[in-house]
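Here is a short briefing to read alongside the model. Keep the structure open as you go through the points.

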Amino acid sequence: MATFKAIVIEKADKAQTVGLKDFDEKDLMDGDVTVAVEWSTLNYKDGLAITGKAPVVRRFPMIPGIDFAGTVESSSHPDWKPGDKVILNGWGTGETHLGAYAEKARVKGQWLVRLPAKMSPRDAMAVGTAGYTAMLAVMALERHGLKPGAGPVLVTGAAGGVGSVAVAILSKLGHQVTASTGRPGEAGYLKDLGASEIIDRAELSGAPKPLAKERWAAAIDSVGSTTLANVLSMTKYGGAVAACGLAGGMDLPSSVAPFILRAVSLLGIDSVQCPLKMRVAAWERLDSDLDRGKLEQLTSQIGLAEVTTAAGSILEGRVRGRIVVKIR
Ligand code: NDP
């Protein structure tokens, strides 16, 4: 019997249990590429899956973990051969398909992206799904026409994973970044990442007006709910807001006023089913447009055994930046 270490979520009598176990390789799901997983990361969705606070996991037992970087061990897929360095984000990994918090994963070759030549597997997971989503959001704003000099770009949930990477990318691209956070103690951290202005997230948590004073040319929002409604109402004429998260709630208590009176656009961002071409483009941009020193500044590291504790912390908004998980 060939086994490897994995975090496994099981469910019995509606109760979910999570533990670090020896997992039998023969129980891996179908796939044409087997990967030796080297690094993973902790995302907000992983927190939801491990704590069971939202129905992220759709089959049991499940190995959670929505993303990994590693080396191909074996492959019958034409694009991949043993030794290739790969990244995987989403596609149901850690939700419907056995995931990343394991020394080994078997997946579909079409889900994989080649690790950019100058990026280490650890850096790729320091970026992780949160950082790759931040880049998808930046690219969506650029497609809308955003250029440096257009005015402030707001980032909400700025001290979190998506937010921290978004601040670092936008500042490197020459944008003036306004960071919204509920953690005033992280103002220095956010300025080091490149924010020129810090606002208290309380400014975005009151009852939203249909239209408020115009403040930013664009925004990346990972909070949703009342925050997103306020962000929309304060976006300048013709601006755009990339919505990618729900850390504050899934609802959107807004009105059509920003859309029909200020020509504001709301751009949806999804990392899970995102087409391969856009993923490859996003990872190429991350290779060139994210300062590695800043990435290191916003990253902390844990081992597999610490993932379950960290899962609770991320849902409580206590994690700063990104956490990489050393798998082997
Ligand atoms: P983090 O927990 O790292 O960051 C979320 C941040 O949001 C927190 O750090 C906090 O920032 C802020 N926040 C948390 N709770 C509240 C609240 N109640 N009201 C206002 N602000 C709040 O998570 P991630 O950055 O990894 O993910 C952020 C969101 O993006 C999640 O909802 C996640 O599911 C989503 N996401 C979506 C993806 C997609 O494909 N669309 C992909 C990846 C993530 P601060 O302390 O600075 O205020």
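Ser 225 sits in helix α5, where helices (H or I, at least four residues) and strands (E, at least two) are DSSP runs numbered from the N terminus. Although Ser 225 is not a glycine, its phi is positive, at about 55°. This is a predicted model, in which local features need pLDDT of at least 70 and side-chain atom pairs count only at pLDDT 80 or more, while totals for chains, interfaces and linings use all residues. Residues are numbered from 1 along each chain as its sequence is written, and side-chain values use heavy atoms, with hydrogens and water left out.

**The sheet and its helices**

- Helix α5 (residues 225–233) packs on the sheet and touches β8, β11, β12 and β13, with contact meaning heavy atoms within 4.5 Å.
- The direction of α5 makes about 155° with that of β12; axes are lines fitted to C-alpha atoms, for helices over the stretch in contact, and angles run from 0 to 180 degrees between N-to-C directions.
- The open sheet has six strands in the order β10-β9-β8-β11-β12-β13, with parallel pairing; two strands pair if DSSP finds at least two bridges between them.
- β10 (195–200) and β13 (265–268) are at the edges with a single partner strand each, so one side of each has no neighbour in the sheet.
- From one strand to the next, the twist averages 20°.
- Four bridges join β12 (residues 235–243) and β13 in the parallel sense, and Val 241 stands opposite Leu 266 in β13.
- Helix α3 (residues 161–172) lies across β8, β9, β10 and β11, and runs at about 160° to β8.

**Where α2 meets α7**

- Helix α2 (residues 121–144) and helix α7 (residues 276–289) have axes that come within 9 Å and cross at roughly 105°.

**Around the ligand**

- The ligand is surrounded by 25 residues, and the closest are Val 162, Thr 181, Gly 182, Arg 183 and Ser 271 (a heavy atom within 4 Å counts as near).
- For Leu 246, a backbone N or O atom is 2.9 Å from a ligand oxygen atom.

**A cis peptide bond**

- Phe 60 and Pro 61 are joined by a cis peptide bond with omega about -5°, and Pro 61 lies in the loop between α1 (44–51) and β4 (67–75).

Definitions and conventions. Polar contact = N/O pair within 3.5 Å; in protein donor to acceptor, adjacent residues only side chain to side chain.
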